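Dear colleague,

I am passing on the structure that we talked about, together with some notes on what was found in it. Please look through the sequence and the model below before you read on, and keep them open beside the notes.

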Amino acid sequence: MTDSLRGTIWLKHAVTISIAFIMLYPVLWMVGSSFKPGYMIFSEIGLWPGQWVWSNYSSGWTGIQGQPFPLFLGNSLLVSAGAVLGNVISCSMAAYAFARLRFRFKAVAFALMLVTIMLPHHVTLIPQYILFNQLNWINSFLPLIAPKWLATDAFFIFLIVQFIRGLPRELDEAATIDGCGPVQIYWRIIIPLSVPALITTTIFTFLWTWDDFFSQLIYLSDVAKFTVPLGLRLFLDSSSQSDWGPMFAMSVLSLVPCFVIFIVCQKYFVEGIATSGLKG
Amino acid sequence: MDHSQAVSAEPAPLAKKRTRIRANRQQGWAALLFLSPWLVGLVLLTLGPMAASLYLSLTDYSVLEAPSWLGLANYKELFVDDKLFLKSLQVTFTYVFVSVPLKLIFALAVALLLNKGMRGLGIYRTVYYIPSLLGGSIAIAMLWRKMLGGDGLVNQVLLKLGIHAPDWVANPKYAIYSIVMLSVWQFGSSMIIFLSGLKQISGDYYEASSVDGAGKIRQFVSITLPILTPVIFFNLVMQVITSFQSFTQAFVISNGTGGPLNSTLMYSLYLYKKGFAFFQMGYASAMAWVLLALIGLFTFLVFRSSRAWVHYEDGGR
């Protein structure tokens with residue numbers, strides 16, 4: 001390797017690392033600030049706290065407007081778990097039918113499904129709200145969970161269909177000869193083999209539900225029902241500077257689950273995005 | 001009795017056909033079973049509400065009273081009388097047409113930098129994806145608001161350099177660009193799609209062209225870019241569709257107001273205010289249909305233009 005070539009490689013690494021550092025600086029600064037005493041947050045632009053305190057975490061944890069922060073975490077977990085289960089079950093069922101079964105109007109149904117992926121949710125928003133209002137579901141978690149059990153996130157149907165199409169059909173045929181019906185083929189063959197696609201579905205459903213702000217904002221009004229995004233926003237409302245610390249502390253805490261999932265399941269992220277254009 | 005004769009006359013094909021018919025019928029019922037959650041959702045939560053929202057868009061409806069018929073008055077008001085609506089269109093267009101190209105250029109530039117067997121690619125890819133991972137959250141939007149505020153991180157850094165800067169999020173001239181910046185910052189997922197596109201390009205092309213004396217820039221313009229056009233096209237369509245619907249960031253950065261002076265009143269935010277703050281549900285429904293038409297129009301234009309610039313290696317089959 002010539003010197004000049006080695007030089008360009010080092011330069012490339014230096015540029016890449018510098019851009020990454022500048023990009024991540026705000027996030028790192030927030031993490032650092034969550035350990036700084038309130039008065040230092042505005043005066044320090046460095047990452048490393050000159051003085052370490054835990055008080056931001058303890059005061060954030062005790063909550064806001066009379067509700068403890070763990071309550072928001074619990075609510076978010078409940079909604080996310082319900083959404084994940086719903087999406088995995090209902091989308092894999094529909095995907096199996098589209099990928100493997102023969103039925104009338106299949107082409108039409110499949111095209112409809114694809115169109116709904118692109119549909120902006122605004123055109124169904126208001127009648128959905130009226131419907132849930134009539135069912136007396138406003139201010140409950142049902143409007144956030146029930147639609148997932150009806151496979152409204154058609155994107156994941158498409159994702160799983162693509163995956164199932166890649167599985168060898170011979171397995172289905174062998175199972176049919178052994179006397180398995182469609183239900184058994186779905187349960188014993190397709191589901192176990194589709195685990196990677198189901199994990200991708202799980203990860204992205206969790207993240208999108210965890211970060212979802214719009215639906216939680218319109219459907220939840222009682223602070224005791226608030227999820228993490230709504231709870232965090234309360235910190236922003238009381239925008240006196242002394243509250244920055246607890247706000248940053250709880251913000252950091254709210255990002256931890258996403259970050260952990262990302263580190264553990266990296267492979268699925270990269271594959272999911274690269275093969276189907278999932279937005280992160 | 002007829003068909004038992006037929007079976008004996010022509011045993012093999014007909015029996016086979018009959019089992020196939022039975023199998024098909026069984027599959028039809030199974031398909032109905034497996035599709036039933038989706039079908040219920042399609043009718044109750046998608047098609048039904050779409051029809052209802054189209055109807056409501058032609059009425060005056062406030063939830064408390066029954067809808068009263070207006071005809072096209074909502075649409076007329078939107079385009080003729082509602083200054084705020086036109087403002088929100090202008091804000092949204094600024095956001096879409098500035099943030100989408102910048103984001104794609106940035107994503108492509110970094111993907112090119114990382115491509116070609118660079119050591120530590122996996123780690124860099126991970127690090128660059130982090131903003132996309134976290135960026136949709138309310139926590140990051142709140143951080144952004146604080147960071148670009150009058151005494152926020154950005155201005156403290158500028159102050160150290162001797163520059164007195166304005167409060168970026170409170171200034172109507174700059175507020176929308178703080179949201180654009182937040183969007184461009186999340187270029188990671190587009191970058192990953194570009195990286196996987198770059199990986200598909202065979203090294204032979206580059207070898208052959210460098211034998212022919214092509215330089216790096218020439219190679220980029222004549223090989224990389226044309227082969228990558230389908231990926232650019234895909235990213236462009238996805239980003240345009242999602243950018244038109246952006247809500248959370250503008251909501252948090254303006255604290256739900258769309259201010260200062262409506263400079264961050266994105267389309268979705270205005271729709272939310274009309275529907276859920278003022279309970280003008282009919283008007284908000286009309287806005288939703290206009291949004292659908294706008295997204296449809298721009299997607300169509302991108303598709304239409306693709307004939308001129310998207311290059312498919314298999315000749316566009």
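**Domains and chains**

The C-alpha centres of domain 1 of chain B and domain 2 of chain B lie 44 Å apart. Domain 1 covers residues 2–56 of chain B and domain 2 covers 75–309, where the bounds come from an automatic or database domain assignment. Before going further, please note that this is a predicted model, in which local features need pLDDT of at least 70 and side-chain atom pairs count only at pLDDT 80 or more, while totals for chains, interfaces and linings use all residues. Residues are numbered from 1 along each chain as its sequence is written, and chains are lettered from A and ligands numbered from 1 in the order in which they are written.

Chain A is likewise assigned a domain 1 (3–60) and a domain 2 (64–237), and the C-alpha centres of these two domains of chain A are 36 Å apart.

In secondary structure, chain B has 14 helices and two strands, whereas chain A has 15 helices and zero strands; helices (H or I, at least four residues) and strands (E, at least two) are DSSP runs, numbered from the N terminus. With a radius of gyration of 24 Å, well over the 19 Å that the globule rule gives for 280 residues, chain A is more spread out than a compact globule. Along the principal axes, the C-alpha trace of chain A spans about 70 × 70 × 35 Å, and the C-alpha atoms of chain B fill a box of roughly 100 × 75 × 35 Å.

**Where the chains meet**

Between the chains, 71 residues of chain B are in contact with 65 residues of chain A, contact being defined as C-beta atoms, placed from the backbone, that lie within 7 Å. Helix α2 (residues 11–56) of chain B gives the largest share of the side of chain B that touches chain A, namely 20 residues. That side of chain B divides into 48 nonpolar, 21 polar and two charged residues; here Ala, Val, Leu, Ile, Met, Phe, Trp, Tyr, Cys and Pro count as nonpolar, Asp, Glu, Lys and Arg as charged, and the others, Gly among them, as polar.

**Two helix pairs**

In chain A, helix α4 (residues 69–100) and helix α8 (residues 154–165) pack at an angle of about 50° with their axes 8 Å apart, the axes being lines fitted to C-alpha atoms, for helices over the stretch in contact, and the angles running from 0 to 180 degrees between N-to-C directions. The two helices α4(A) and α8(A) are therefore oblique to each other, since angles under 35 degrees count as roughly parallel, over 145 as roughly antiparallel, 65 to 115 as roughly perpendicular and the rest as oblique. Among the residues that meet are A:Cys91 and A:Phe98 in α4(A) and A:Ile160 and A:Ile164 in α8(A). By class, this contact of α4(A) with α8(A) has eleven nonpolar, two polar and two charged residues.

In chain B, the axes of helix α3 (residues 73–81) and helix α14 (residues 281–309) come within 9 Å and cross at roughly 70°, so α3(B) and α14(B) are roughly perpendicular to each other. The contact is made by B:Asn74, B:Tyr75 and B:Leu78 of α3(B) and B:Gly282, B:Tyr283, B:Ala286, B:Met287 and B:Val290 of α14(B).

**Two backbone details**

The peptide bond from B:Gly259 to B:Pro260 is cis, with omega near 0°, and B:Pro260 lies in the loop between α12 (248–253) and α13 (267–277) of chain B.

With best wishes

Terms used. Contact = placed C-beta atoms within 7 Å. Rg over C-alpha atoms; globule rule 2.2 N^0.38 Å.
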